[in-house]
Amino acid sequence: MEQAEITKDQYQITIERVEKSRLPEVDFDNIPFGKIFSDHMFTAEYKDGRWQNLRIEPFGEIKYNPAMSALHYGQLIFEGLKAHRSADGGVNLFRHRKNFLRFNRSAHRMAMPALPREVFEVGLLKLLELDRDWVPSGINSSLYIRPFMFATDEYVGIRPSDTYRFIIFTSPVGPYYDHPVKVKVAEKYVRAFKGGTGYAKTAGNYAATLLPAIEVKKEGYDQILWLDGCRFEQVHEIGTMNVFFVIDGKLITPTIETGEILEGITRDSVITLAKDMGIPVEDRIVSIGEVIDAFHSGRLEEAFGAGTAATIAQISEIGYKGERLVLPAIESRKISNKLKAELMGIKRGMKEDRYGWIVKI
Ligand code: COI
């Protein structure tokens with residue numbers, strides 16, 4: 001797909017503000033995840049080979065033809081990123097350029113047009129400026145940002161759409177998981193395989209997780225831990241986040257090199273921080289066998305998930321072939337607790353941002 005040209009005129013964003021903010025209705029002491037939406041959204045349309053009609057308008061319903069191709073063939077990609085209230089009362093946006101790059105990698109895989117960085121960035125920054133009061137200040141809360149793009153051609157046939165819509169909306173959120181997570185290793189379902197769409201942040205990858213998640217919930221688990229789609233041997237990721245293990249003091253995580261795993265930005269941040277802290281990191285193919293063996297020989301010290309929504313989510317239990325492996329107590333987990341504190345400290349401006357991860361709004 002060609003990178004669309006954008007002229008100076010198209011940078012102009014039309015802004016329509018809400019008549020009355022819904023902010024006073026929000027109970028910031030009790031914020032659920034993903035159910036409250038800020039006043040405005042940013043939107044742009046792709047038509048005639050270029051992105052146009054950039055605007056910020058009140059968050060609200062959108063109307064489409066039932067034949068809209070995204071509804072039928074799944075040309076739909078999305079991102080998740082966060083802005084945090086900093087200790088000095090400002091707003092810190094975390095690593096948005098990395099999300100932008102991943103967005104366009106997903107777009108390429110799903111035969112969708114690339115989004116110019118200017119559209120993503122100008123739209124996002126303007127939206128955050130306008131709705132900055134929606135960024136919560138609670139220690140475990142943040143503003144979750146959801147950019148997404150979908151195919152809008154009205155055509156019932158298999159071909160890439162010629163038209164698309166891009167939207168960013170935001171949502172003040174509390175924790176995605178308010179308890180340590182129990183995961184069950186996949187035994188019959190498959191999420192990804194080499195050459196598939198595993199690395200793309202596309203709706204279908206998440207839809208594939210829903211039925212397995214319902215099934216494992218009946219056995220008391222929160223999520224599924226995916227294995228590779230060929231042999232059910234290599235650990236991939238959890239339905240909602242990437243996965244890390246600490247074995248013999250080493251931080252181990254499945255590689256993204258095979259193209260089957262989401263290229264997590266929290267994953268990347270965790271690896272960067274760990275290396276700087278002198279923690280040995282192994283970013284490689286991880287077999288489920290070695291994880292289970294490590295548990296049985298008392299060497300599996302920690303396990304956790306990492307994702308934008310979930311941040312660093314401790315794993316308390318792993319279910320595998322009828323066995324329930326109960327992991328060491330959360331308080332004993334030196335490495336993940338340290339990484340979590342460091343990451344949160346940087347996001348909230350309480351620790352030095354040595355990597356240029358933060359943009360202040
Ligand atoms: C995210 O972490 O941002 C995601 O998109 C995952 C989803 C479980 C909310």
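Student: Where does Asp248 sit?
Tutor: This is a predicted model, and in it Asp248 is in the loop between β12 (242-247) and β13 (250-254).

Student: What's phi like at Asp248?
Tutor: Positive, near 50°, and that's in a residue other than glycine.

Student: Okay, and is Asp248 buried, exposed or partly exposed?
Tutor: Partly exposed, because its relative accessibility is 41%, and that class runs between the 20% and 50% cut-offs.

Student: What about Lys321, where is that?
Tutor: Lys321 is in the loop between β16 (311-320) and β17 (323-326). Phi is positive there too, about 45°, although Lys321 is not a glycine.

Student: And is Lys321 buried or exposed?
Tutor: Lys321 has 61% relative accessibility, so it counts as exposed; the cut-off for that is over 50%.

Student: Switching to the ligand. Which residues surround it?
Tutor: Phe78, Gly80, Tyr144, Arg146, Tyr176, Lys201, Thr240, Thr308 and Ala309. The space the ligand takes is the largest pocket.

Student: What does Lys201 do there, in terms of distance to the ligand?
Tutor: A polar side-chain atom of Lys201 is 2.8 Å from a ligand oxygen atom. For Arg146, a polar side-chain atom is 3.4 Å from an oxygen atom of the ligand.

Student: Is it a side-chain or a backbone atom for Thr308?
Tutor: Backbone: an N or O atom of the Thr308 backbone lies 3.4 Å from an oxygen atom of the ligand.

Student: How much of the ligand does the protein bury?
Tutor: The protein buries 89% of the 280 Å² that the ligand exposes when taken alone.

Student: Does the length of α8 agree or disagree with what you'd expect for a helix?
Tutor: It agrees: α8 (residues 334-347) has 14 residues, so at 1.5 Å a residue it should span 20 Å, and its end C-alpha atoms are 20 Å apart.

Student: Which residues of α8 are buried?
Tutor: Ile335, Ser336, Leu339, Glu342, Leu343, Gly345, Ile346 and Lys347. As background, an α-helix has 3.6 residues a turn, so residues three or four places apart point the same way.

Student: What follows α8?
Tutor: Gly349 comes after α8, and its phi is positive, near 75°.

Conventions. Residues numbered from 1 in each chain as written. Predicted model: local features only at pLDDT ≥ 70, side-chain atom pairs only at ≥ 80, totals over all residues. Heavy atoms only, no water. Helix = DSSP H or I, 4+ residues; strand = E, 2+ residues; numbered from the N terminus. Expected span 1.5 Å × (residues − 1). Buried < 20%, exposed > 50% of the residue type's maximum accessible area, 1.4 Å probe, protein only. Near = heavy atom within 4 Å. Polar contact = N/O pair within 3.5 Å; in protein donor to acceptor, adjacent residues only side chain to side chain. Areas by Shrake-Rupley, 256 points an atom, 1.4 Å probe, with all protein chains shown as cover. 1 Å grid on protein atoms, 1.4 Å probe; cavity = no way out; pocket = protein on both sides within 12 Å on 5 of 7 lines; lining within 4 Å. Sits in = over half its atoms within 2 Å of the grid points.
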